[in-house]
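The entries follow in the order in which I looked things up.

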Amino acid sequence: FLMFYNETDAIEQFRDFIHSTLKKVRETGIQEATLNQLKRRYFGQAVRSLNNFDEIAVTYMRNYFSHIDFFETMDMAMQITLDDLWKAMDQIDPSQEAVVTILPKK
């Protein structure tokens, strides 16, 4: 599955933004430079997360239950290619979506 999330009261606008962005990517593609920038950003965020004990704990537990090593995920992300992205895009069917709204208690 693929999950997008945001803290907003504008649920329909966020949903429309996701749909329009997916459509734009399908029509115009993604540049290699953009993919490389995103991979470097992910790598930087992952390394930076090691400075925060809470983040280390959450990441460790998430990876433990997913049966993957933190450093392997960084390696995997850095190895993603444009071809991998297009294969993933072919699997996305926007008509098979679910929208979940979590509201605070009043």
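This is a predicted model: local features need pLDDT of at least 70, side-chain atom pairs count only at pLDDT 80 or more; totals for chains, interfaces and linings use all residues.

**Entry 1: overall layout**

I counted the elements and got 5 helices and 0 strands. Read from the N terminus, the order is α-α-α-α-α.

I then looked at the dimensions. The C-alpha trace spans about 45 × 35 × 20 Å along the principal axes.

Next I checked where the contacts come from. Of those with a separation of 6 or more, 72% are between residues 24 or more positions apart.

**Entry 2: surface and charge**

I looked up the accessible surface, which comes to about 9400 Å². Carbon and sulfur atoms hold 57% of that surface. Of the 106 residues, 13% count as buried.

For charge, I noted 12 positive and 16 negative side chains. The centres of the two sets lie 4 Å apart.

**Entry 3: Leu22**

I located Leu22 in helix α1, which covers residues 11-28. Is Leu22 buried or exposed? Its relative accessible area is 13%, which is under the 20% cut-off, so Leu22 is buried.

I asked what Leu22 touches once residues up to four places away in sequence are left out. The partners are Met89 and Ile92. I also took one distance: Leu22 and Pro94 are 72 residues apart in sequence, and their C-alpha atoms are 8.7 Å apart in space.

**Entry 4: helix α4 and Thr73**

I placed Thr73 in helix α4, residues 70-78. Its relative accessibility is 12%, so Thr73 counts as buried, the limit being 20%. Not counting residues up to four places away in sequence, Thr73 touches Tyr42, Asn63 and Ile68.

I then listed the buried residues of α4: Phe70, Thr73, Met74 and Ala77. Why do they lie on the same side of α4? Because they cover an arc of only 100° around the axis. I checked what this set packs against and found α2 (32-49) and α3 (53-66).

**Entry 5: Ser49**

I found Ser49 in helix α2. With a relative accessible area of 13%, Ser49 is buried. Neighbours within four places in sequence aside, I noted contacts of Ser49 with Glu55, Ile56 and Phe70. Phe70 is also one of the buried residues of α4.

**Entry 6: His67**

Where does His67 sit? I found His67 in the loop between α3 and α4. Its relative accessibility is 74%, over the 50% cut-off, so His67 counts as exposed.

Key
Residues are numbered from 1 along each chain as its sequence is written. Side-chain values use heavy atoms; hydrogens and water are left out. Helices (H or I, at least four residues) and strands (E, at least two) are DSSP runs, numbered from the N terminus. Buried means under 20% relative accessible area, exposed over 50%, partly exposed in between (1.4 Å probe, protein chains only). Contact means heavy atoms within 4.5 Å. Accessible areas come from the Shrake-Rupley method with a 1.4 Å probe; for residues, only the protein chains shown count as cover. Lys and Arg count as positive and Asp and Glu as negative; His and the chain ends are not counted. The place of a charge is taken as NZ of Lys, CZ of Arg, CG of Asp or CD of Glu. The arc is that of the directions from the helix axis to the C-beta atoms.
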